[in-house]
Amino acid sequence: MKFETTPAFDSDYQRLKPEHRAAFRLVVKEKFGPACDAYAADATTPWPSALRVKSVRNAAGVLEMTWSFAGPDGRATFEFVTVDDDLRCRWRRIGDHAVFRRP
């Protein structure tokens, strides 16, 4: 699956400490990316429980995932979009619980 980002995500990402960016990239590579590929093949495939993927309240179509439980409390919001008949994951925000104010 292809990924894209919003300007808000890009700004949030730049504010993360380098070690937190590395932790996020590792989770995406090892767990989230493969789970997205499985979702693209069959939308009923369950997400890995360690990612705690769920819908964001009051934000239709926006999902959240947990990429770290401590140091930092890492969260990211995303949505699925279709571009030229290609399903993509669009990262919207990244950080801690504050990302839920404007997911």
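Reply: Fine. Keep in mind that this is a predicted model. Let us start with the pocket.

Me: How do you know which elements line the largest pocket?

Reply: Helix H1 (7–15) and strand S5 (86–95) each supply at least two lining residues. S5 gives the largest share, 3 residues. The lining includes Asp12, Arg15, Arg93, Ile94 and Gly95. A residue counts as lining if it has an atom within 4 Å of a pocket point. The volume is about 200 Å³.

Me: What makes up the lining of the largest pocket by class?

Reply: There are 5 nonpolar, 2 polar and 5 charged residues. Gly counts as polar under the scheme used.

Me: Why is strand S3 called largely enclosed?

Reply: Buried means under 20% relative accessible area. In S3 (residues 63–68), 6 of the 6 residues are buried, so the strand is largely enclosed by the rest of the structure.

Me: How do you know which strands pair with S3?

Reply: Pairing needs at least two bridges. Strand S2 (residues 54–55) has 2 bridges to S3, and the two run antiparallel. Ser55 has Leu63 of S3 as its bridge partner. Strand S4 (residues 74–83) is joined to S3 by 5 bridges, also antiparallel. There, Glu64 has Thr77 of S4 as its bridge partner. Therefore S2 and S4 each count as paired with S3.

Me: What sits between S3 and S4 in their hairpin?

Reply: A stretch of 5 residues lies between the strands. In this hairpin Gly71 takes a positive phi near 55°.

Technical notes
Residues numbered from 1 in each chain as written. Predicted model: local features only at pLDDT ≥ 70, side-chain atom pairs only at ≥ 80, totals over all residues. Heavy atoms only, no water. 1 Å grid on protein atoms, 1.4 Å probe; cavity = no way out; pocket = protein on both sides within 12 Å on 5 of 7 lines; lining within 4 Å. Points joined across faces, edges and corners; volume = space filled by probe spheres on them. Helix = DSSP H or I, 4+ residues; strand = E, 2+ residues; numbered from the N terminus. Buried < 20%, exposed > 50% of the residue type's maximum accessible area, 1.4 Å probe, protein only.
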